[in-house]
Amino acid sequence: MTNFWNLVQNENMKIYLRLRTWIMLGIIVLIPILLTVGLTLVTDDSDGNMWELMGTETIIVFSLITIFTVVISAESVAGEFSAGTIKLLLIRPWSRSSILASKYVALLLFSILQSIVCFAVTWAINALVLGYTSDPGGIIPESSPMEGHSIWAYMGVHYLYEWLQLVMVVSFAFMLSSAFRSSGLAIGLSIFLLFAGGTITGLLTLTDKAWVKYILFANLDLTSYLDGRSPLPNMDMTLGFSLIMLAVYFIIFNAVSWTVFRKRDVAA
Amino acid sequence: MSQAPVARLQEVTKRIGSRTIIDRLSLEVNPGEVFGFLGPNGSGKTTTIRMMVGLMAMTSGDIEIGGHSVRKEYPLAASQVGAIVENPEMYKYLTGYQNLVHFARMNPGVDRKRIDEVVELVGLEGRIHDKVKKYSLGMRQRLGVAQAVMHRPKLLILDEPTNGLDPAGIRELRDYLRQLAQAEGTSVFVSSHLLSEMELMCDRVAIIQTGKLIDIRSIRGAAASEHQQTEAREVLFEVDHTDAALGVLQGQGGVRIADGQLALTAAREEIAETNRRLVQAGIRVYGIRTKTKSLEDQFLEVTGGESVD
Ligand SMILES: Nc1ncnc2c1ncn2[C@@H]1O[C@H](COP(=O)(O)OP(=O)(O)OP(=O)(O)O)[C@@H](O)[C@H]1O
Ligand SMILES: [Mg+2]
């Protein structure tokens, strides 16, 4: 049997040989540049702290990265069905699980690539325009468990938490994509999950029922912990608890994707 | 054939909901034979092929390819198969070549040289670096054949492969499939609507209708030619005086005048005998034509010429 990496290479080829992927990467590069340059021109002030602006831009760009990865992941399975290419893909000497796994790995690699581009660009443009400093400015709150650590460590953890949220949303999209074979539905519902998450968490804080802390939305945004807050202020929640909850949802989403993809007849 | 069959379908059944789409279908494909799979629209040809390549699960029964069960050892069974199922859909945003590289990576032992070889084989050298979205249906079909034979499978499964090909392309494909079977010992399992096509390229043909196997016929080989020797067929004699000829042959099997010619039913030896009698009676014979029952006639006979159901 040829090796699994060949399958991942194929999936990569199907991602990177499309124009839209490069438009997405272009947008990720362009947005921080436009924001930093635009802000300094408007406020006519170039003494801001580079890390503060980098943090803000990261939050904005990361929602784009999540959307882009959702779009590619929704297309990754459902697109093969709608184009009919799934037939030629599945008649190879590979189990369906391996093929699905290769798609999932390629998606995660794509999200990591985007995160690295995001980090590099937001760091470089702000260091260039505002000047490099190792002073974190006001970005690390005093309540943060990262207080006293270097700004590099703080940013690293910040990226990690943002990325974990992305993994959850993308797994959700991937599940819908293989269960319903409709990329539109997968994209729509996942983006709803991403943006309505905050609002719904807000609503959840209004109730003091204990079960709300088990809901996915309440655990999606790990960056609250980084700032020393609980996602639901009136609940007793810890980072460890949220990580376990996310792991549970992660297993459920992927188990559904796998089961449906492995069992289903391909009649496309 | 003494060798083990390349593909063996055993009591394969497919039910979707309460409908039985394939009903206890059993057949074997031998090494190096071109096996035709014939049936009217909706009879279950594509469904059978989907089960052979693992795209659909069987409700019961099993399919073995090269001795490996499609149910239990799918990757082993699949490694011996190359296929096109219905239309050869390729990645439109990739070039023909990139598509081939993609599928080559999934099968062991296909290098760049082999890819170039199959590109030449299907006659796509000139356009292989174009995006597939710019291909015509016939070109996509050729690319489909290229990806199916690339890894030198033991069994090639083609679902209506002549669909979209021009007459020259059909001829090439036919010759190529026969050559594959003869020279490389590849078995070919091919479904088609072009019944006359099957006659030209298949060794045996299975006929199915509403998911049931109706008949398997040999077209080439000993069984088929023996059949030709003894079977009585409709024969037309072109003669100068039909009435006189009718007088000479009075009493012989179904003799009559049709379209100004003398028509009768006779087996091979009887044709020669009839001719001798006519010539002896001083009747000039300009031509003898046997109306061979084409597979199409046989097919319509067997299936009763029914429409889609
Ligand atoms: N996914 C499905 N769900 C329910 N019925 C189906 C499904 N796919 C096919 N069928 C039915 O199964 C029967 C066989 O279909 P199949 O596509 O195998 O026929 P076919 O012999 O390939 O026909 P054609 O010559 O038109 O290609 C048809 O009656 C069809 O309606
Ligand atoms: Mg069909």
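The model is predicted, and the values below are computed from it. The contact draws on 30 residues from chain A and 30 residues from chain B, and the area buried between the two chains is about 2800 Å².

**Buried area**
- Carbon and sulfur atoms give 59% of the area that is buried between chain A and chain B.
- On the chain A side, L88(A), I91(A) and R92(A) together supply 23% of the area that chain A buries against chain B, which is more than any other three residues supply.

**Polar and charged pairs**
- Between chain A and chain B the count of salt bridges is two, and the side chains of D265(A) and K14(B) form a salt bridge with an N to O distance of 2.6 Å.
- Across the interface of the two chains, 18 residue pairs are found in polar contact, with both residues at pLDDT 80 or more.

**The side of chain A that touches chain B**
- Helices α1 (4-16), α3 (50-83), α4 (86-90) and α5 (96-130) of chain A each supply at least two residues to this side, and the largest share, six residues, comes from α1(A).
- By residue class, this side of chain A divides into 15 nonpolar, seven polar and eight charged residues.

How values were computed
Residues numbered from 1 in each chain as written. Chains lettered and ligands numbered in written order. Predicted model: local features only at pLDDT ≥ 70, side-chain atom pairs only at ≥ 80, totals over all residues. Heavy atoms only, no water. Contact = heavy atoms within 4.5 Å. Buried area = accessible area lost by both parts, 1.4 Å probe. Salt bridge = Lys/Arg side-chain N within 4 Å of Asp/Glu carboxyl O. Polar contact = N/O pair within 3.5 Å; in protein donor to acceptor, adjacent residues only side chain to side chain. Helix = DSSP H or I, 4+ residues; strand = E, 2+ residues; numbered from the N terminus. Nonpolar A, V, L, I, M, F, W, Y, C, P; charged D, E, K, R; others polar.
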